[in-house]
Amino acid sequence: MNSQKQEKILEVATQLFQKNSYLSIGVDRIIFESNVAKMTFYKHFPSKEDLIIKVLEQRKSFIIKSLESSIEEKYTPLEKLEIIFLWFDYNGYSFLKLEKILKNFDEISELFDKNKVKSAIFEKG
């Protein structure tokens, strides 16, 4: 079970990563804006890599659940595709932002365990 402080750290980190990039935001800023002690942060996330993996897993889970709830079986494949494009547009995942996310993925993969990052983003979980 996640603690309230862990959830706060994840919420703040997600917001900061979305506004900036995964690499431009340091742990100290996340700790400061989350209003938690450094020891509390590292209790929940032993490294920045662990935090990024958890943020990516949460984002993936949100996107999958949201898309699945938007697409019902009664829609044709073409209607489902249109719903997916509209969902991404409505939720701010324009193609330009998607390009930024993928660029961040490349940067993250160079610094962190590429298999963990890929798993967090692309594998079913």
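Me: What pattern does the protein follow, read along the sequence?
Reply: The pattern is α-α-α-α-α-α-α. This is a predicted model.

Me: How many helices and strands is that?
Reply: The protein has seven helices and zero strands.

Me: How much of the protein is buried?
Reply: Buried residues make up 34% of the 125 residues.

Me: And what about the accessible surface?
Reply: The accessible surface comes to about 8,600 Å². Carbon and sulfur atoms account for 56% of that surface.

Me: What share of the contacts join residues at least 24 apart?
Reply: Take the contacts between residues at least 6 apart in sequence. Of these, 59% join residues at least 24 apart.

Me: New topic, the core. Which residues of the largest nonpolar core touch the most other members?
Reply: I9, F17, I30, F41, L51 and V55 do. The core has 18 residues.

Me: Which helices supply at least two residues of this core?
Reply: Three helices each do that: α1 (4–19), α2 (27–34) and α4 (48–70).

Me: Which one gives the most?
Reply: α1 gives the most to this core, with six residues.

Me: What do nonpolar side chains tend to do in soluble globular proteins?
Reply: They tend to be buried together.

Me: Back to F41. What is F41 in contact with, leaving aside neighbours within four places in sequence?
Reply: F41 is in contact with I9, V27, I30, I31, V36 and L51.

Me: I31 is on that list. Where is I31 found?
Reply: I31 is found in helix α2.

Me: Is I31 buried or exposed?
Reply: I31 is buried, because its relative accessible area is 8%, and buried means under 20%.

Me: What else does I31 contact, with neighbours within four places left aside?
Reply: I31 is in contact with V36, A37, K38, F41 and Y42. The C-alpha atoms of I31 and Y42 are separated by 9.7 Å. Along the chain, I31 and Y42 are 11 residues apart.

Me: Now A37. Where is the place of A37?
Reply: A37 is in the loop between α2 and α3 (38–44).

Me: How does A37 count, in terms of relative accessibility?
Reply: A37 counts as partly exposed, at 42% relative accessibility.

Me: How far apart are A37 and K5, in sequence and in space?
Reply: A37 and K5 are 32 residues apart in sequence. In space they are 9.8 Å apart, C-alpha to C-alpha.

Me: What about phi of N35?
Reply: Phi of N35 is near 60 degrees. That is a positive value in a residue other than glycine. N35 also has its place in the loop between α2 and α3.

Me: Why does N35 count as exposed?
Reply: N35 has 69% relative accessibility, so N35 counts as exposed. The cut-off for exposed is over 50%.

Me: And L23, where is that?
Reply: L23 is in the loop between α1 and α2. L23 counts as partly exposed, at 30% relative accessibility. The C-alpha atoms of L23 and I52 are separated by 9.7 Å. Those two are 29 residues apart along the chain.

Me: Let's do helix packing. How are two packed helices described?
Reply: By the angle between their axes and the distance between the axes.

Me: OK, at what angle do the axes of α1 and α2 cross?
Reply: The α1 and α2 axes cross at roughly 125 degrees and come within 9 Å. α1 and α2 are therefore oblique to each other. Their crossing is right-handed.

Me: Which residues in α1 meet α2?
Reply: K8, I9, V12, A13, L16 and F17 in α1. On the α2 side they meet R29, I30, E33 and S34.

Me: What about the axes of α1 and α4?
Reply: Those axes come within 10 Å and cross at roughly 85 degrees. That makes α1 roughly perpendicular to α4.

Me: Which α1 residues meet α4?
Reply: E7, I9, L10, A13, T14, F17 and Q18 do. Their partners in α4 are L51, I52, K54, V55, Q58 and R59.

Me: Last pair. How do α4 and α5 cross?
Reply: Helix α5 covers residues 77–90. The axes of α4 and α5 come within 10 Å and cross at roughly 135 degrees. α4 and α5 are therefore oblique to each other. α4 passes α5 in a right-handed crossing.

Me: Which residues meet there?
Reply: In α4, F62, I63, S66, L67 and S70. In α5, they meet I83, I84, W87 and F88.

Key:
Residues are numbered from 1 along each chain as its sequence is written. This is a predicted model: local features need pLDDT of at least 70, side-chain atom pairs count only at pLDDT 80 or more; totals for chains, interfaces and linings use all residues. Side-chain values use heavy atoms; hydrogens and water are left out. A nonpolar core is a set of buried Ala, Val, Leu, Ile, Met, Phe, Trp, Tyr and Cys residues joined through side-chain atoms within 4.5 Å. Buried means under 20% relative accessible area, exposed over 50%, partly exposed in between (1.4 Å probe, protein chains only). Helices (H or I, at least four residues) and strands (E, at least two) are DSSP runs, numbered from the N terminus. Contact means heavy atoms within 4.5 Å. Accessible areas come from the Shrake-Rupley method with a 1.4 Å probe; for residues, only the protein chains shown count as cover. Axes are lines fitted to C-alpha atoms, for helices over the stretch in contact, and angles run from 0 to 180 degrees between N-to-C directions. Angles under 35 degrees count as roughly parallel, over 145 as roughly antiparallel, 65 to 115 as roughly perpendicular and the rest as oblique. A crossing is left-handed if the near helix is turned anticlockwise from the far one by less than a right angle, and right-handed if clockwise.
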